[in-house]
Amino acid sequence: MDEFKKMGNNGFNFVYEKELLPNEVRIVKMPPVSANKRGINDIGWQSDGDVTLYGTLSGNPSGNNALWQEIEPYDDVNKTVSAVKIQNNGGKCRIIIRAILN
């Protein structure tokens, strides 16, 4: 499972950037929430290819029993998601996902 990387020193800004192979599927664990980071405030994403994103609330997103719901472009992402699944539906492309915690 992939993870977000911290951007800067404040620990509230996370980003995931990846070049995806044709038809590749990746699962990205959401950043950890701590006492001073109460929750995910905003999530945004962009890609230069044909990708579909899904979110899950499951405590075991890599398992077979995780329920995935599609995240449509311009939808608000449920702030309680534990992971995001990325499905590349075409050729090689790039994806960027950014999460800001509050």
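1. Tyr 54 lies in strand E6, and in this predicted model the residue counts as partly exposed because its relative accessible area is 22%, whereas buried would require a value under 20%. Leaving aside residues up to four places away in sequence, Tyr 54 touches Trp 68, Gln 69, Glu 70, Ile 71, Ala 83, Val 84, Lys 85 and Gln 87. The C-alpha atoms of Tyr 54 and Lys 79, which stand 25 residues apart along the chain, are separated by 13 Å.

2. Leu 53 is among the residues with the most contacts inside the largest nonpolar core, together with Phe 4, Ile 86, Ile 95 and Ile 97. That core has 19 residues, and the elements giving two or more residues to it are strand E3 (13-20), strand E6 (51-56), strand E8 (83-88) and strand E9 (93-101); E9 supplies the largest share, five residues. With residues up to four places away in sequence again not counted, Leu 53 touches Trp 45, Gln 69, Glu 70, Ile 71, Val 84, Lys 85, Ile 86, Ile 95 and Ile 97.

3. The largest pocket has a volume of about 230 Å³, and of the 14 residues that line this pocket, Gly 55, Thr 56, Gln 69, Asn 78 and Val 81 are the closest to its centre. E6 and strand E7 (69-71) are the elements that give two or more residues to the lining, with E7 providing the largest share, three residues.

Notes
Residues numbered from 1 in each chain as written. Predicted model: local features only at pLDDT ≥ 70, side-chain atom pairs only at ≥ 80, totals over all residues. Heavy atoms only, no water. Core = buried A, V, L, I, M, F, W, Y, C linked by side-chain atoms within 4.5 Å. Buried < 20%, exposed > 50% of the residue type's maximum accessible area, 1.4 Å probe, protein only. Helix = DSSP H or I, 4+ residues; strand = E, 2+ residues; numbered from the N terminus. Contact = heavy atoms within 4.5 Å. 1 Å grid on protein atoms, 1.4 Å probe; cavity = no way out; pocket = protein on both sides within 12 Å on 5 of 7 lines; lining within 4 Å. Points joined across faces, edges and corners; volume = space filled by probe spheres on them.
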